[in-house]
Amino acid sequence: LPICSRTVEPLEYYRRFLKENCRPDGRELGEFRTTTVNIGKCLCSITTADGSALVKLGNTTVICGVKAELAAPAVDSANKGYIVPNVELPSLCAERFRSGPPGVEAQAASQFIADVIENSQMIVKEDLCIANGKLAWVVYCDIICLDYDGNLLDASVFALLAALKNVQLPLVTINEETGLSEVNLKQKNPLMIRKHPVATSFAIFDDTLLIVDPTAEEEDLATGTVTIVTDEEGRLCSVHKPGGSPLTGAKLQDCITRAITRHKEVKKLIDKVIKSITPK
Amino acid sequence: SVSPGDTSVLAGLYGPAEAKVSKELPDRAALEVLLRPKVGLPGVLERSREQLLRQTCEAVVLGVLHPRTAISLVLQVLSDAGSLLSCCLNAACMALLDAGLPLAALFCGVTCALQPDGTILLDPTARQEQEARAILTFAIASSERKVLMATTKGSCSVEEMQQCLAAAQRAATTIFQFYRDSVRRRYSKS
């Protein structure tokens, strides 16, 4: 067999594995990496955040911290609060990201997360309003990648969902006489999460093969990517295919079917973890 | 410049030209897309759209024929009355055609709006987009009408997405015919 080096000819090296329907790390084409999630103050160790979660998808590590503040709602939507997601790719997570203003990947990821929140209606902005026209919650979701090994979008959406489920907001009332807000830190309520979107990413190889959950190396060699976000009713919240190799409608349908299966696995995992940290 | 209805986008393509050493790629052309909104500075939304356009163009442009060069595509939004992203896609493809760059296939952008009662509307106006339950934008390639790019706004069921995709693929034929006619008019003697 001719010797094929992983560093000199990475594409040939990969093609050898793909011919046998597996990948260099031993996974099948449709298999995800081990997913672990840590939620809350004790396990996730962000003590100052209102809600936090740490998600590991293989080596890709993403942490999400949620902080809520009070503000006046906008004039044209007096009954709506704000949700502000922000994805950061600091230079410590991978060599390709330099320090300085957010690069294209970080901005595109932030826009993607904002779209997922909006499309899936997982948090309805009207729920964040405390008093019409006077007071509303602003929920800042900061998603920071600590280690980048591919599939950032899946891990980010998962971390966001887990962190939001963990958020406990204090009860805020407006005193009728003084007109000032009173924050009751003793009484906390969880955020109302209506839908649970889960993202599934695929990499397209050589215009035909679809592999699930690509690593950073696989993403570099791929000719395109597809990310499908589904919610628990099997509805599509987002089909994100930023260019890359053309796909037929049938292949897209395969991706969607796999995404729906993945949704069930992730939902089970989140429910299990939340149950384990809730004090009985 | 492409204007379906009142949405208008001006596209300018420069290249293949010499690339800066920091940006050049050793084996292919480096494609850069700049999207300038009508008002204000480009923000996160423009960056995300630029990424979509760039990767769509990279999939069709035969960059390997022009290594270590830079191709810059600048899009200026002149007016926005709905279906902006598909207008940008069409402008980009026509600019690539006009510049004579080697392409593997043509592509066209189609926007579908899914109305609350379930009907599919192609190339919605801004008003129709606001009332729609979901808006899906596809970039369809000329070879076998495959999907080159897809983005969705709002949620829809899987069947609805497939129906929109089929409608977009049918509409693509009309758009490609429009490309043919435009290019023919441009290069005809009169």
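Where in chain B is B:Ser155 found? I opened my notebook with that one. The model is a predicted one, and in it B:Ser155 sits in the loop between S7 and helix H4 (158–187) of chain B.

**Entry: more on B:Ser155**

I then looked up its contacts, leaving aside neighbours within four places in sequence. From chain A, B:Ser155 is in contact with A:Asn119, A:Arg235, A:Leu236 and A:Cys237. From chain B, the partners of B:Ser155 are B:Arg133 and B:Ala134.

**Entry: the second largest pocket**

A:Asn119 turned up again when I went looking for pockets. The second largest pocket holds about 1200 Å³ of space. Its lining has 45 residues, and the closest to the centre are A:Asp115, A:Asn119, B:Arg49, B:Ile135 and B:Lys153.

Which elements supply at least two residues each of this lining? In chain A I noted helix H3 (104–120) and strand S12 (236–240). In chain B I noted helix H1 (44–60), helix H2 (84–99), helix H3 (126–131), strand S6 (134–141) and strand S7 (147–153). H3(A) gives the largest share, seven residues. I sorted the lining of the second largest pocket by class as well: 16 residues are nonpolar, 16 are polar and 13 are charged.

**Entry: a search for cavities**

Rolling a probe the size of a water molecule over the atoms shows where empty space is left. How many cavities of 30 Å³ or more does a search of the whole structure find? The search finds one. About 40 Å³ of space lies in the largest cavity.

I wrote down the residues that line the largest cavity: A:Phe32, A:Leu57, A:Asp154, A:Ala155, A:Phe158, A:Val198, A:Ala199, A:Arg262 and A:Val266. Helix H4 (152–166), strand S9 (198–205) and helix H6 (249–277) of chain A each give two or more residues to this lining. H4(A) provides the largest share, three residues. By class, the lining of the largest cavity has seven nonpolar residues, no polar ones and two charged ones.

**Entry: A:Ile204 in strand S9**

Strand S9 of chain A made me curious, and I picked A:Ile204, which lies in it. A:Ile204 is buried, with a relative accessible area of 0%. What does A:Ile204 touch, not counting residues up to four places away in sequence? Its contacts are A:Leu209, A:Leu210, A:Ala222, A:Thr223, A:Gly224, A:Thr225, A:Val226, A:Lys241, A:Ser245 and A:Leu247. I also took a distance to A:Thr47: A:Ile204 and A:Thr47 are 157 residues apart in sequence and 40 Å apart in space, C-alpha to C-alpha.

**Entry: stepping back to chain A**

To finish, I looked at chain A as a whole. Its secondary structure comes to six helices and twelve strands. The radius of gyration of chain A is 21 Å, close to the 19 Å that the globule rule gives for 280 residues, so chain A is as compact as a globular protein of that length. Along its principal axes, the C-alpha trace of chain A spans about 85 × 40 × 40 Å.

I looked up burial too: buried residues make up 50% of the 280 residues in chain A. Among contacts in chain A with a separation of 6 or more, 66% come from residues 24 or more positions apart.

Methods
Residues are numbered from 1 along each chain as its sequence is written. Chains are lettered from A and ligands numbered from 1 in the order in which they are written. This is a predicted model: local features need pLDDT of at least 70, side-chain atom pairs count only at pLDDT 80 or more; totals for chains, interfaces and linings use all residues. Side-chain values use heavy atoms; hydrogens and water are left out. On a 1 Å grid over the protein atoms alone, a cavity is a set of points where a 1.4 Å probe fits but cannot get out, and a pocket is an open set with protein on both sides within 12 Å along at least five of seven lines; lining residues have an atom within 4 Å of a point. Grid points are joined across faces, edges and corners, and a volume is the space filled by probe spheres set on the points. Helices (H or I, at least four residues) and strands (E, at least two) are DSSP runs, numbered from the N terminus. Ala, Val, Leu, Ile, Met, Phe, Trp, Tyr, Cys and Pro count as nonpolar, Asp, Glu, Lys and Arg as charged, and the others, Gly among them, as polar. The radius of gyration is taken over C-alpha atoms; the globule rule is 2.2 Å times the number of residues to the power 0.38. Buried means under 20% relative accessible area, exposed over 50%, partly exposed in between (1.4 Å probe, protein chains only). Contact means heavy atoms within 4.5 Å.
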